[in-house]
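Welcome! Let us take a friendly walk through this structure, stopping at a few places worth a look.

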Amino acid sequence: MSDRWRGIAYALLSAVLFGASTPLAKALLGEADPWMLAGLLYLASGLGLGVVRYARRMRGGPPPEAPLTRRDLPWLGAVILSGGIAGPVLLMIGLGTTPASTAALLLNLEGLFTLGIAWVVFRENVDRRIALGAAAILAGALLLAWSGGPEGIGWGAMAIAGACLAWGIDNNLTRKLASADPLQIAMIKGRVAGAVNVALALSAGAALPAPAALLGTAAVGFLGYGVSLVLFVLALRHLGTARTGAYFSLAPFAGAVIAITAFGEPVTERFVAAAVLMGIGLYLHLAERHEHRHRHDPVRHEHRHTHDEHHRHSHEGWEGPEPHSHPHAHAPLDHAHPHAPDLHHRHRHRH
């Protein structure tokens, strides 16, 4: 499997897990304060991933991933603030007044914000097909958010859009960390963001939910926020931010299917029209093919890799099974092949 298709698989599985968490979190809102629920979801992800990371270390052997460094800490702090604290709270507020199926499809805005920030701020290449797909997703999201009458777009929808903007910022900042251990990134983010939100919720008078609801929240948080984030970081490594965000747009469809089939929410004409528009957008993203002659500048970094076309280095005394992680240098390379803006293809494009 090529790196691109491996990245697509990571992104789509991440999307399904996160999309499923939306209607399940909606069902849990009756058992817990929104702010408390947001904190518990992330805290459960951090604690659960900590157990997984401990079990991995107990097996011994060389580290399979590069650890976070001191230079990564400012980026990690910004990621936790935007995506771990602000985003979940805004989503829980929005879910309180918005049907789960509508909220699930509105989450397509996260992919749009992610793509826009990657394109405008970080200058990641976005071609015409990707731009058209983004336009279709935006049209579907706006159609779904419009509540009709003088109210226009409701406050619940606005809160969910705010959560998507926070996560769009988070996704672009996480790109700066994509070469490091995704399990470590997601674990720290979950623990810190979860602890902060739970503490703030408790100080505001919120109470912990009943044991059964707490257990359900832990399961949703671990899979929908923890494992999903690990897969998302892996996808960033192989695809870049804009395309990972585009593939992640499947999340609302997964959530909508669960909301309709499991919770009996109605299928309206507006819902179907929005789903069609978003489906067209997702197809355009999946059908993209990007190839041209490009040059790799010399660089030295550390990340998980195998000895492929881009990794023909000596080990400088280090040996270990593949895939493995160690500091290594890349010599200048000029070639052409299909690629995405991954760790080794973040070059500028001349149009």
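## Charged pairs

Asp170 and Lys189 form a salt bridge, and their closest N and O atoms are 2.5 Å apart. Asp170 lies in helix 7 and Lys189 in helix 8, so this pair ties together parts that are 19 residues apart in sequence. Please keep in mind that you are looking at a predicted model.

Is Asp170 buried or exposed? Asp170 counts as buried because its relative accessibility is 2%, and the cut-off for buried is under 20%. Lys189 is buried as well. If we leave aside neighbours within four places in sequence, Asp170 is in contact with Val79, Ser82, Gly83 and Lys189.

How many salt bridges are there in this model? The count comes to four.

| Pair | Closest N to O |
|---|---|
| Asp170 and Lys189 | 2.5 Å |
| Arg175 and Glu124 | 3.5 Å |

Take the pair of Arg175 and Glu124, which meet in a salt bridge. Arg175 sits in the loop between helix 7 and helix 8, and Glu124 in the loop between helix 5 (108–120) and helix 6 (128–145), so the pair ties together parts that are 51 residues apart in sequence. Both Arg175 and Glu124 are buried.

Arg53 is buried, with a relative accessible area of 18%. Asp181 is also buried, with a relative accessible area of 3%. A network of salt bridges links Arg53, Arg56 and Asp181.

## A look along helix 2

Helix 2 covers residues 34–58, which makes 25 residues. From its first C-alpha to its last it reaches 37 Å, close to the 36 Å expected at 1.5 Å a residue. At the start of helix 2, a side-chain oxygen of Asp33 comes to within 2.9 Å of the backbone nitrogen of Trp35. Just after helix 2, Gly60 takes a positive phi of about 80 degrees.

## Rings and the nonpolar core

Now for the aromatic side chains. A search of the whole structure finds five aromatic pairs. In one of them, Phe18 and Tyr225 are arranged edge-to-face, at 5.6 Å centre to centre and with 70 degrees between the planes. This pair also links distant parts of the chain, with Phe18 in helix 1 (residues 3–28) and Tyr225 in helix 9 (residues 211–239), 207 residues apart. Phe18 and Tyr225 are both buried. Ring pairs join Phe18, Tyr42, Trp167, Tyr225, Phe232 and Phe248 into a cluster.

In soluble globular proteins, nonpolar side chains tend to be buried together. Which residues touch the most other members of the largest nonpolar core? Among the 63 residues of that core, they are Leu91 and Met92. Leaving aside neighbours within four places in sequence, Met92 is in contact with Ala25, Leu29, Pro34, Leu37, Ala38, Leu41 and Tyr225. Tyr225 thus brings us back to the aromatic pair with Phe18.

Conventions
Residues are numbered from 1 along each chain as its sequence is written. Side-chain values use heavy atoms; hydrogens and water are left out. Rings of Phe, Tyr and Trp (its six-membered ring) pair if their centres lie within 6.5 Å; planes under 30 degrees apart count as stacked, over 60 as edge-to-face and the rest as tilted. Helices (H or I, at least four residues) and strands (E, at least two) are DSSP runs, numbered from the N terminus. Buried means under 20% relative accessible area, exposed over 50%, partly exposed in between (1.4 Å probe, protein chains only). A nonpolar core is a set of buried Ala, Val, Leu, Ile, Met, Phe, Trp, Tyr and Cys residues joined through side-chain atoms within 4.5 Å. Contact means heavy atoms within 4.5 Å. The expected span of a helix is 1.5 Å times one less than its number of residues. A polar contact is a pair of N or O atoms within 3.5 Å; within protein, one must be able to donate a hydrogen and the other to accept it, and residues adjacent in sequence count only if both atoms are side-chain atoms. A salt bridge is a side-chain nitrogen of Lys or Arg within 4 Å of a carboxyl oxygen of Asp or Glu.
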